[in-house]
Amino acid sequence: MPWKDGYTISDEIGLADRDLRWPDGQRCCVSITVDLSVAAGPAGITAADLASPAAEFARHDGLAQLLAVLRRHALHATFAVPAVMARILADQLRVLTNEGHEIAAEGLRHEDVGALSRQDERERLALTTQIVTEATGQRPAGWFSLPRQEDPFAGGTISPHTIDLLLEAGYEYFGNGLADDIPHYWVSDFAARRALLTLPYYYHFDDQFFLLFPRKGTGLENADMLFRNWKAEFDAQYRRGRLFHMTLHPQGIGWCNRVQMLDDFLGYMRSLPGLWNPTGAACARYWRETYPEQTHLRLEPSIWQDYPGSLS
Amino acid sequence: MTNELAELTRVAQAYDARHQFISSIAWPGGARIAVNLTVDFDAMLLRRLMNEPPMQLAKGEFGGRVGIWRLLELFESHNVKATIFTPGRICELYPQAMRAAARGGHEIADHMWEHRVPRDAALEHDHLLKTAAALQKIAGRRPVGTRSDHTRALLQREGFLYTSDGSAAQLPYYVTDDATADTTLLNLPFHYAIDDAMFFSFAWLGSGNAAQRITDPERVFDMWWAAFRQQYRAGGYLNVVMHPFVSGRALRIAMLDRLIAKMKTLPGVWFATCEEVARHCLATCPPRHG
C-alpha cells in the first residue's frame, strides 16, 4: 500500500488552536447545517417518506418555525437539499437564498452511494447538480451526504469514488467530514495531492439522534441531552477559538418545546461577542485563502509497511 | 440433571481457582485511591478491522489528528501521567503524537498490533513482538503492560508485568491462564461503565440503532465522579478509559478537565501510570505460587 490509503484521509496533525484565525479577529466560527432530506434510511427518499405527516411538517410548519428562529437571531445556515427536494421545495428555496442562506446538494434522493459503480455515481451526481442548479439558479458549491436515522452508522455514507467525483465536478467543499472539528483537506489521491476541502460534522450535535431516535413511536426523546451537548461543545470551542457546528432537521427541531430549546440556545450563543457565522461556501472560501492546501496540507512521507499476516 | 449441576459447579470453581484477589492494599504515601488514566489509542484501526465504511474511519481519524494531542495537553496541564495503550500500527500512522506522548513521560503500553489477537500461536507471537518493537522504537523501552487478550503465558515469557482487561474485582487482581500452569499475571481492572466509548460513540461494538446510549458529558461526569467517590471512600482503585477519537472532542476534554480537577481537590489521590500501580501491587501484594 503506497500511502495510508484505507486508513486516513488527511494529514497527520490537525491545526492547533493557537494557529487558528477567523476573519476580522472574530473568536469562534458558528456553522449551521439544515438537512432538508426526509429519507428514513439508506435507500434515500421514498414515496412513503414524502407522504407522511412528519414530511408535511418538515416542508411547511417545521421549516417555517426553524426559519423564524434563525431570522430572530440573524443566523445563516447551509441547507443540504437532495435533488428531489429541490424540485418539491423550489419556491421555499428561493426564499432561503434571498435571506442569505446557502443551498447545497445532497444527492439525487439522499441515497447511499457506497456500492455504486463510479460511472453510475458520476451520472447521479451530474443530474443532482443540474436539478439543484435549476431550482436555485445557482450552481451549488457544496455537497453533503448526511446520515439518516436508520443508517447503521451515524456519519453519512459515501463511496470510495465520491470525493474524487466531487472534485471532478467542480465542487468547492464536502459538507460532513468527521476527521476534524474544523475545515480540513480530504485527500482523494495522495500521490497527486488531490484534495477536497471538507467541513466538520459530528452526530452528537445533530438533532436527529436525540429526538425520538431511531424512529417515532419506539425511539427515545433526549432533547435535554442534545441541548447539553450543544452547550458543552459551543462553550469549549468558544474558549478554544475554534468552530461550533450543528445539524438541524425541520421535522425534528421545529416542534414545540424543541424549537423553543433551539431559540434559547441560539440566544445564548448570540449573547457572546465575536461569532463568525458563515455559510458553508463562505467558510470554505475563507479557509482555502487563509490555509491553502499548497502550504497547509502536510503529507508526511508514509512509513507504513506491508507485512505478511497483517492487514494492508 | 445432577450431573449438569455438578459440571456447572466445577466450571465456577475452576474459574475461581484461576483468580487471586487482593483484599486491601496500602497505596504509596498513604494515598486513599490509585487512579489510572488510560488511553486506548486505536483511532480507526478497529473500524478498519471490522470493515466499516469510510465515514467511520474518518471518525476514528479524529483521534490521531486531534484527540490524542488534546489528551496529552490535558494530562500535562494537570501534571498527571497516563498510560497510552497503543496498537503497533499506530506508530506508523501517528509517529509524531507517539513521540510526544513518550516525551511527556506517559507509559506506552501494548494494545495489540492491529487491534486483534490472531488465533494462530506463531502469528500471535509475531504480532506481539512487532508491537513491542514498534513501541520500543518510540519510547526507548519495551512495553510491560497490555490491554488485550493475548495469551498470558506468552506475555509472561516476553516480560510483561500486567494486563488491563476485564473487571472480575474492583482492586487489581491476579489471573492464571490455567489452574495448573504457573503463568500468573496481574490485571488492572477496567469497567465498561468507566469507558467513554460506551456513552459517546455511536454503534460501539456493533450496537444497533435502538441500543444507542449516546449521551451528554454532564451525565457521564456525574456517573464517573460517583464511581471515584465510592472507591475513594473504600480505599480502592479507578481506571478511566478514554479513546482519543471519543474523549478528544472539545466538549469531553472540558468534562475530563473538570473531573480531574475535582479529584485533585481531595487529599490522597495517587494519579499513576499502570506500570507504577502494577509494580506497587507486585511488590506489596505478590501472588502466591504453587
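What we have here is a predicted model, in which local features need pLDDT of at least 70 and side-chain atom pairs count only at pLDDT 80 or more, while totals for chains, interfaces and linings use all residues. Residues are numbered from 1 along each chain as its sequence is written, and chains are lettered from A, with ligands numbered from 1, in the order in which they are written.

Chain B has 12 helices and 10 strands, these being DSSP runs numbered from the N terminus (helices H or I, at least four residues; strands E, at least two).

Turning to the partner, 39 residues of chain B are in contact with 45 residues of chain A, contact being C-beta atoms, placed from the backbone, within 7 Å. Helix 3 of chain B gives the largest share of the side of chain B that touches chain A, 10 residues.

Finally, consider helix 12 of chain B, residues 274-284, where Cys274(B), Glu275(B), Val277(B), Ala278(B) and Cys281(B) are buried. Seen down the axis of helix 12 of chain B, the buried residues fall within an arc of 160°, so they line one face of the helix; the arc is that of the directions from the helix axis to the C-beta atoms. On the face turned away from that buried side, helix 12 of chain B carries the exposed residues Ala283(B) and Thr284(B).

Key
Contact = placed C-beta atoms within 7 Å. Buried ≥ 20, exposed ≤ 12 C-beta atoms within 10 Å, placed from the backbone.
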